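Please look over the notes below on charged side-chain pairs. They are set out as numbered points.

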Amino acid sequence: MAVWAGTLVTYDFIMRCSKINFVVGAQGSSAAGSVLLCCYFKTVLTFSRLANLRASLGHPEPFALTFVEVGNEDNFAANTYIFRWRDFVNALKAQFPDLHFIATTGTFNPILSPDPTEYDVHVYQIPSWFAQNSFFYDGFERNQTKYFEGEYAAISTNPNDIFGSPADGRLTFPTMQSSTGEAAFMTGLERNSDIVFAASYAPLLNHVANSQWLFSQNRGDEYIPSTLPSRTGTIFWSVVRNTAAQSIIIKISNTIATETPVTFVLPFTTVASTGTLQIQILSDLHLEIERPNGTPGCEFYHYDIPVRAEHLALLGDIGWTIDDRLFEWLEAQLKLFKTVFFQESTERLNAFANKINADPSLGTFVYLNRTRHDVSPELTILGCTLWSSLNPDDLDILSWSLTDFRRIDNFSPDAYDALHKADLAWLNSTVASIARDEPERQIVVLTHHAPTKDGTGDPKFNDGPTNSAFVTELTGEECWESKKIKLWAFGHTHWCCDFNRKGTRVYSNQRGYGEGREDYDAGKIVEL
């Protein structure tokens, strides 16, 4: 939280008083809940309206308060900040000894008392300044003082008139030059994260449908020392480790317009020659229906998936592709997951995939419609609807009971059967081709319908007249007999399973209708 410390934008300041009034009130009272007010006036202002607004927006309890910043950019009034800092901090710390107080003058200029434990540093400069100052904090003394890079941005190309007009070099929007300069500077912030505890781009605004926050979206919890870039060079980097994800993240900023080769030699002696892919596979979320325990209407296309892996596969019936809310929900998942695999077969999804994959700020959307996606040189994912082989003896019942025939125009059992045969032929051919030409590859198959009968659905439906619309026995097909398919995941049956059949792991994790299956787990991870 920041408090006004008596300086105006014009750099005038409120004269010293004999007393500072500050009030801590509760929600709905004359002062706001947990809002602390400091001023040089003898009139006490109130903020109950803001506390009530906060409560109306779903947060009735006060926010936890750790830091209080005294003033803003008081380097412009440093001579008066000495007593303003002292009076504010002494008065507040007496009642709130656990709070941290952030100073806003230049670091250690002037000398303040009490000693600030944190400083807020602001800098607006040209792109090359940021690159040239990527080692800005490396020489700072480690004396337990921490730093918040509260505002930083490359806003001009004119070092002699930073805040001038666009005609004089002021940037009206970020450029690649400004972005790479700022990124170079941020490699230094990350390298000095033992003393730089936070950073905030200025302004902290972005286009809601197009933003690229390189550092915040690729965070580590441990800095890995490496050979340092040249202080006067044009290539800058930072190496961190994400312990939970068991990954090393290397961020590189090239601040010039020409290519430069960079080689990283990772000195790890215990790295295996092969690794694992972690993926969350969820099926039949049925976002189009209202849930018994939810507020009516509130759960339609609102479902939070706990992020446990970089990749997400959504199989079976997720929602209606005629509803815009499904695509809004999918886009939200692409802000959380590196890859989202989605199995459906509509032109609208194809257009959505093209749009999403043109946006580098989002994850990759893989539209599984007879699709091959190579995850690595050793692993390929194949996806299609699959459909199923309808039992001819049950067509009378299936023709009126199967919703596909009611919802899809001009869709008949013959058309359904043709799609199944085409999908199966594609699977057999593609798997055979990989087995012949790329024998080192393993295959994962993701489908809507189930590929084998026993164990993939509720046993009470095994001999029912509609079962053939959900499952088909494929264990004798060429794709299965090839032994190349290590995992086959599916949806549609509202049944969870995980077993091995003739060398292939058969897997489903389906939510289903109502309150959802008890054995469904949205956070479950499959390792490949």
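1. Is arginine 84 buried or exposed? Arginine 84 is buried, at 0% relative accessibility. Here buried means under 20% relative accessible area, exposed over 50%, and partly exposed in between (1.4 Å probe, protein chains only).

2. A word on the basis. This is a predicted model, where local features need pLDDT of at least 70, side-chain atom pairs count only at pLDDT 80 or more, and totals for chains, interfaces and linings use all residues. Residues are numbered from 1 along each chain as its sequence is written, and side-chain values use heavy atoms, with hydrogens and water left out.

3. The whole structure holds 19 salt bridges (a side-chain nitrogen of Lys or Arg within 4 Å of a carboxyl oxygen of Asp or Glu).

4. One of them joins arginine 84 to aspartate 74, with the closest N and O atoms 2.9 Å apart. Arginine 84 sits in helix H2 (residues 78–95) and aspartate 74 in the loop between strand E4 (67–70) and H2, so the pair ties together parts ten residues apart in sequence. Helices (H or I, at least four residues) and strands (E, at least two) are DSSP runs, numbered from the N terminus. Aspartate 74 is buried too, at 1% relative accessible area.

5. Arginine 241 and glutamate 222 form a salt bridge at 2.9 Å, N to O. Arginine 241 belongs to strand E10 (residues 235–242) and glutamate 222 to strand E9 (residues 222–223), so this pair ties together parts 19 residues apart in sequence. Arginine 241 is partly exposed at 28%. Glutamate 222 is partly exposed at 36%.

6. Glutamate 438 and arginine 441 make a salt bridge at 2.8 Å, N to O. Both are buried. A network of salt bridges links Arg372, Asp374, Glu438 and Arg441.
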